Amino acid sequence: MKVEDVVCPFCGCLCDDLVVEVEGTRVVSVENGCTLANEKFLGDNRLTSPIRRAGGAWQQVSYEEAIEETAAILLDADRPLLYGWSGTHGEAQSIGVHLGELLGALIDNTSTVCHGPSIMAIQEVGHPGCTLGQVKNRADVVVYWGTNPIDAHPRHMSRYTTFADGFFLTDAFLERKVIVVDVRKSESANIADEFVKIEPGGDYAVLAALRAIVRGKRSLIPSFVSGVSREQLFRVADTLLGAKFGAIFFGLGLTMSRGRYKNVRNAIELTAELNRHTKWTISPMRGHWNVYGSNEVFTWISGYPYAVDFARGIAFYNPGETTSVDVLRRGECDACLVVASDPGAHFPRACAEHLARIPTVQIDPHVNATTHLARLQIPVAVTGIDAEGTAYRMDGVPIRTRKLFTGRYPSDTDVLMKIYDRVKEEKGHG
Ligand code: SF4
C-alpha cells in the first residue's frame, strides 16, 4: 500500500510530501525523503519489549511491570526530572507537563541544549518571524547564520530557499541570493553566493558591525571585524539593504557560541534595523521535529517554554538554575524520566554520569546512548509511522503526523497516561 502526503518526523522542516510504501507492519520504500528520512522510516532496530537492568545484563519485563516500576521510581523521588519531549507528539508532551505538576517535578525539553538562548532573546526583544511558505514565495535574499542546512535539514534549501520556486519571483533560482555566515566553509557555504567566514566567537561583533553600517555609521568600522574585512561587511550590508524580502535563518553556531542569547538578540535587532528600510524576518532552524511543539505545549500549560520547576507547587522558570544540565551538574535530582530524546549522547559527561547513578527510565523506541545509563527502557510506537499526533514545524505551523499502520507497540501517549494514572492514584487524587 502506498501512502501519500506523509509527514517526516525527523527534523524541524516536517516535510509533508513523502510517499511511503507499507507492507503489513513494515515500511518498504520512501519517496521524496532525504537520507535522514529514509533512515528513520526504513530503520528497524527497535526493542521488542521493555527491558530492565539486572546486574550486568538486561532482563525483559512486561509493559505493566515497567509502568508500575516507573511510577514507583517517580513517586519515591524527592526531586524528579522529566526530560526530553522533542521527539514525541504534542498530546504526549501535554501529559508530561501534567505529570510534572502532579509530582512537583522539574520538566525540561531539549531546547535547554539547543535553542534555549533563542527563546530567551525572543522573550527580551520579540520575534519578527514568518512562515516558511512566505520565505519560499517572497524571499530574494536568504542568510544562513551558524547553520549548515545541507547536513542538518537536507530539504530546507530545496523546499523553501535556494532551489525552490517562488510565487512572487519571476526566476527564483537566479533572483535569490544566499549568504552563509559560519566559522568554517560548510557544504552549504559552497553553494552560497557569498560566504562570510568569521573567527570563532566573533558573531556578536560582526552582527554589531552590520547594525552600525545599516544605521549609516560606515566610518566607524575598522578594517577587520572578527576576521571579516570592512569591504565584505559593506558588500553584505548592501545586499541586505537591497532585498525586497529577506530571511535570516540561524542555528546552534549562533546560540551555543560565545555570547549565546546576546548573539541572537543582536541578530533580531539587526533584523529590526533592516525593517526600517525593507522587509526582513528571522527564524531559528529548529532541530528535533517537534521541539517547537514542546515549547508551545509547555507554555500553554505552565506559562514557560522549557526548564519548568514545579517543586514549589507552582511553575517556576529560571534558565541557568532550573535547566536540566545545571540541575544534573549540581547532582540535585534523584530520579529521571527521559522521553523521546538522547541526553546520554548530548549532555556533558558529569551530567551523564549523574544520570547513570540515579534511577533513570527511558521511553523510546530505539536503543541509544541513554539506554546505557538507564535502569529501565520502555519501547513505544514511532510517531509518524505507527502512531499519530500533532507536531509544530520550525516556523510554528502545527501539522498532524499520520499513522501508517497499526503495530504492536503502545504510543507515548498510552504509556504516559498509564504512568500518570498510577501516580494520581497513589497521590490520592484518583
Ligand atoms: S529535511 Fe527533515 S523533515 Fe524533510 S525529509 Fe529530510 S529529515 Fe525529513
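Predicted model: local features only at pLDDT ≥ 70, side-chain atom pairs only at ≥ 80, totals over all residues.

Residues are numbered from 1 along each chain as its sequence is written, and side-chain values use heavy atoms, with hydrogens and water left out.

**The second largest pocket**

- The second largest pocket has a volume of about 320 Å³ (a pocket is an open set of points on a 1 Å grid over the protein atoms alone, with protein on both sides within 12 Å along at least five of seven lines; a volume is the space filled by probe spheres set on the points, which are joined across faces, edges and corners).
- It is lined by 17 residues, and Thr25, Arg26, Asp44, Arg46 and Phe405 are the closest to its centre (lining residues have an atom within 4 Å of a point).
- Strand S3 (26-31) and helix H1 (35-42) each give at least two residues to this lining, with the largest share, 3 residues, coming from H1 (helices, H or I with at least four residues, and strands, E with at least two, are DSSP runs numbered from the N terminus).
- By class, the lining of this pocket holds 7 nonpolar, 4 polar and 6 charged residues (Ala, Val, Leu, Ile, Met, Phe, Trp, Tyr, Cys and Pro count as nonpolar, Asp, Glu, Lys and Arg as charged, and the others, Gly among them, as polar).

**Cavities**

- The structure holds 5 cavities of 30 Å³ or more (a cavity is a set of grid points where a 1.4 Å probe fits but cannot get out).
- The largest cavity contains about 90 Å³ of space, and among its 14 lining residues Cys8, Cys11, Cys15, Cys34 and Arg155 lie nearest its centre.
- Its lining has 11 nonpolar, 2 polar and 1 charged residues.
- The second largest cavity has a volume of about 50 Å³, and its lining has 9 nonpolar residues, with no polar and no charged ones.
- Strand S8 (141-145), strand S9 (177-182) and helix H11 (230-242) each supply at least two residues of that lining, which includes Trp145, Ile179 and Leu240.

**On the surface**

- Phe163, Phe173, Leu174 and Ile191 make a nonpolar surface patch of about 440 Å² (patch residues have over 30% relative accessible area and no salt bridge, and nonpolar side chains, Val, Leu, Ile, Met, Phe, Trp or Tyr, are joined within 5 Å; a salt bridge is a side-chain nitrogen of Lys or Arg within 4 Å of a carboxyl oxygen of Asp or Glu; accessible areas come from the Shrake-Rupley method with a 1.4 Å probe).
- Leu174 is found in helix H8 (residues 172-175), and Leu174 counts as exposed because its relative accessibility is 65% (exposed means over 50% relative accessible area).

How values were computed:
Patch = residues over 30% accessible without salt bridge, like charges linked within 9 Å, V, L, I, M, F, W, Y side chains within 5 Å. Buried < 20%, exposed > 50% of the residue type's maximum accessible area, 1.4 Å probe, protein only.
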